[in-house]
Amino acid sequence: MRRIILGLVVLPMMALGQTLEECQQAAERNYPLIRQYGLIEKTTALTVANIQKGWLPQVSASAQATYQSDVVAWPDEMKGMLGQMGLNFEGLKKDQYKIGLDVQQTVFDGGAIKSQKEIARKQGEVQTAQNEVNMYQVRKRVNEMYFGLLLIDEQIKLNADLQELLIQNEKKLASMLKNGTAAESDYQNVKAERLNVVQQATSLLAQRSALLRMLSTFCGIEVKDALKPNSQLSIINFQLEGQRPELRAIDAQLKLADAQEKALDAALMPKLGVFAQGYYGYPGYNMFEDMLSRKFSWNGMIGAKLTWNIGALYTRKNDKAKIQLLRETAETSRDVFLFNNNLEQIQQNENIERYKKLMADDEEIITLRSSIRKAAESKLSHGIIDVNDLVKEINNENAARVGQSMHEIQMLKEIYDLKYTTNQ
């Protein structure tokens, strides 16, 4: 019977299993958020490319038709004098038309475009760092499912051992009942206890199946079995040295603040540009001729323009204060994270030491419980104790074995939780 029970459990495990590291790597590749890296990179590249186009000539076209209440005209006295000379100057028409083109080319911008590109890149780095923070949490979720699966596997194995032990005692009581040395209720008591353990096995197998499906779905691979990490893994005092992605995200925010501060300096610099303007319409630049002929004409202008907008001075002090507040907020976040992270390390190290101490006594407790159980079986055969005492000792031994397995798995989980806390 024990071989059948173990066969049902071990056969699925005979297939190649996956280590914790393999599951973590597979989960990171499978997690939908992994696509966010490519999206951030493309968005940043497009933003920088758009900003770079600020160096290209800025071209605008326009068309205009107006009717004015008044226009430039000769005084009536002068018109009369010119009329006597045979010259007819009617003046400009009140309806005027223009179709034009305006070209602006930046020559010097004081570093504004460069600082805008740098800000765009730093914003992309902040988004990437934050995405790393979210992706890093995948490891913790895998840890929870993986060690939960290991714990259930240990419970299933111990459940099979318990069933085998109860079956042996059930057979022994059946023989004693046949010989008249045991009551039927004693036999039924052990059988009922065995069936109860069988029900526990059914529940454990269902939990294992569900957890295995969850882990496989999360990792994007078919997880055959969870391979227990080396129980002799050395315990070292992990130290956090800036490896956590949360700290890199804070560093990225500080670099963004530096880029924003440089942009404030660029905003105060003068801007130099050249331009060209041209239009076809009426009136043109030569108004005297237009007052005489009233014809459409081509008109053009080229030049250079120097501008210096000192309006940024009005808000510069407040803008620098806001950037400094962003820095202080980021540094505060760093202090809070390091404080909480240190507390987690202390707790995890203490838990590891506690489980090591518990495991030091587990083997002796199991040996003692096994001896007590065997003595109880002998006493039952001689009628010294009843079957309830035997069942109690069997359960006590099983509880000791379960405790040993739980202590080992929980210590391993604490070790890997500490590795997660320090990103080792």
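Exposed here means over 50% relative accessible area, and buried means under 20%. The model is predicted.

View 1. Helix α3 spans residues 35-52, 18 residues in total. From first C-alpha to last, α3 reaches 26 Å, close to the 26 Å expected at 1.5 Å a residue. Its buried residues are Ile-40, Thr-44, Val-48 and Ile-51. These cover an arc of only 60° around the axis, so they lie on the same side of α3. An α-helix has 3.6 residues a turn, so residues three or four places apart point the same way. The cover over the buried residues of α3 includes α5 (112-179). On the face turned away from the buried side sit the exposed residues Arg-35, Lys-42, Leu-46 and Asn-50.

**View 2. Packing of helix α7 against helix α9.** Helix α7 covers residues 245-267, and helix α9 covers residues 312-381. Their axes are 10 Å apart and meet at an angle of about 170°. Angles over 145 degrees count as roughly antiparallel, which means α7 is roughly antiparallel to α9. The contact of α7 with α9 involves twelve nonpolar, three polar and eleven charged residues.

**View 3. The cis peptide bond at Pro-283.** Tyr-282 and Pro-283 are joined by a cis peptide bond, with omega about 0°. Pro-283 is in the loop between β3 (271-282) and α8 (287-293).

**View 4. Backbone of Asn-423.** Asn-423 lies in the segment after α10 (387-422). Phi of Asn-423 is near 55°, a positive value in a residue other than glycine. Most residues other than glycine have a negative phi.

Terms used
Residues are numbered from 1 along each chain as its sequence is written. This is a predicted model: local features need pLDDT of at least 70, side-chain atom pairs count only at pLDDT 80 or more; totals for chains, interfaces and linings use all residues. Side-chain values use heavy atoms; hydrogens and water are left out. Axes are lines fitted to C-alpha atoms, for helices over the stretch in contact, and angles run from 0 to 180 degrees between N-to-C directions. Helices (H or I, at least four residues) and strands (E, at least two) are DSSP runs, numbered from the N terminus. Angles under 35 degrees count as roughly parallel, over 145 as roughly antiparallel, 65 to 115 as roughly perpendicular and the rest as oblique. Ala, Val, Leu, Ile, Met, Phe, Trp, Tyr, Cys and Pro count as nonpolar, Asp, Glu, Lys and Arg as charged, and the others, Gly among them, as polar. The expected span of a helix is 1.5 Å times one less than its number of residues. Buried means under 20% relative accessible area, exposed over 50%, partly exposed in between (1.4 Å probe, protein chains only). The arc is that of the directions from the helix axis to the C-beta atoms. Contact means heavy atoms within 4.5 Å.
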